[in-house]
Amino acid sequence: MRRVLVLLVIVLAGCGQAERPYAPQGSASSAPPKSETRPEPTASGPETITIGGRLRVDIDWPADRDPLLKVITGYYLASRKVLVSGSDRYLQDVEFELMAARDAYDWVHRYTQQEKTVKGAARLYNLRVAAVVGGKGAQINACVDESKARLISTRTGKAVVPQPDWVRTPYLQAALAHRGDDGVWRIRGLRYDMKGCTG
């Protein structure tokens with residue numbers, strides 16, 4: 001699987017120009033509230049972010065803090081803010097290319113439209129830039145452990161049965177990114193591997 005992901009980066013690195021970020025219709029006027037601020041970490045080690053008082057995310061930053069790591073942590077935090085709040089406005093802060101944006105919005109809508117949210121604790125660890133190709137393409141990996149989080153029904157307040165696989169066991173999340181002519185790295189694709197990480 002790792003070899004497939006790296007090959008995808010190589011293929012995607014040379015494809016086309018950066019597309020405009022996708023935003024859902026009618027969303028441009030609503031800005032995310034400033035109630036959830038995230039301090040800029042300056043050193044390696046753990047950082048804890050609480051989302052809506054419901055989900056705690058612990059990020060184990062590596063000693064080598066490559067700025068590209070923010071591509072994957074930014075997406076993860078935004079997508080979980082959507083699940084906690086029920087509003088997709090948080091994804092507006094993530095730089096996407098068109099198809100990746102649609103996939104990201106579809107993923108969160110699958111849960112929010114079924115009146116599902118998430119609570120508990122999650123951990124991002126083993127953050128790394130797996131590949132950079134020609135300065136234009138990159139693969140950024142993170143291990144995600146959500147075994148202490150639960151998908152919850154907003155109607156009943158109870159855990160959904162059965163819980164999805166991504167809550168039960170640690171998994172590898174990879175962001176395939178492309179740097180546009182404007183110098184901005186945008187997510188071109190997201191990949192998951194349920195066997196890519198251990199706790």
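Which residues in α2 meet which residues in α3? I will answer that first and then go through the rest of the chain. Keep in mind that this is a predicted model.

On the α2 side, the residues are Tyr-75, Ser-79, Arg-80, Val-82 and Leu-83. They meet Ala-104, Trp-107, Val-108, Tyr-111 and Thr-112 in α3. Sorted by class, the contact has seven nonpolar residues, two polar ones and one charged one.

Now the geometry of that pair. Two packed helices are described by the distance between their axes and the angle between them. Helix α2 covers residues 69–85 and helix α3 covers residues 98–112. Their axes come within 9 Å and cross at roughly 30°. Angles under 35 degrees count as roughly parallel, and α2 and α3 are therefore roughly parallel to each other. As for handedness, α2 passes α3 in a right-handed crossing.

Next, the chain as a whole. Its secondary structure comes to four helices and six strands. Reading from the N terminus, the order is α-β-β-α-α-β-β-α-β-β. The chain has 199 residues, and 46% of them are buried. Of the contacts with a separation of 6 or more, 66% are between residues 24 or more positions apart.

On to the cysteines. How many disulfides does the structure hold? The count is one, and the partners are Cys-143 and Cys-197, with their sulfur atoms 1.9 Å apart. The torsion about the S-S bond is about -80°, so this disulfide is left-handed. Where do the two cysteines lie? Cys-143 is in strand β4, residues 137–153, while Cys-197 is in the segment after β6, which spans 185–193. The pair therefore ties together parts that are 54 residues apart in sequence. Are these cysteines buried or exposed? Cys-143 is buried, and Cys-197 is buried as well.

One more residue, back by the helices. Gln-114 sits in the loop between α3 and β3, the strand at 116–133. Its relative accessibility is 40%, so Gln-114 counts as partly exposed; the class runs between 20% and 50%. Gln-114 and Thr-154 are 40 residues apart along the chain, and their C-alpha atoms are separated by 8.9 Å.

To recap, α2 and α3 are roughly parallel, with a right-handed crossing. The disulfide joins Cys-143 and Cys-197, and both of those cysteines are buried.

Methods: Residues numbered from 1 in each chain as written. Predicted model: local features only at pLDDT ≥ 70, side-chain atom pairs only at ≥ 80, totals over all residues. Heavy atoms only, no water. Disulfide = S-S within 2.5 Å. Buried < 20%, exposed > 50% of the residue type's maximum accessible area, 1.4 Å probe, protein only. Axes fitted to C-alpha atoms, helices over the stretch in contact; angles between N-to-C directions. Parallel < 35°, antiparallel > 145°, perpendicular 65-115°, else oblique. Left-handed = near helix turned anticlockwise from the far one by under 90°. Contact = heavy atoms within 4.5 Å. Nonpolar A, V, L, I, M, F, W, Y, C, P; charged D, E, K, R; others polar.
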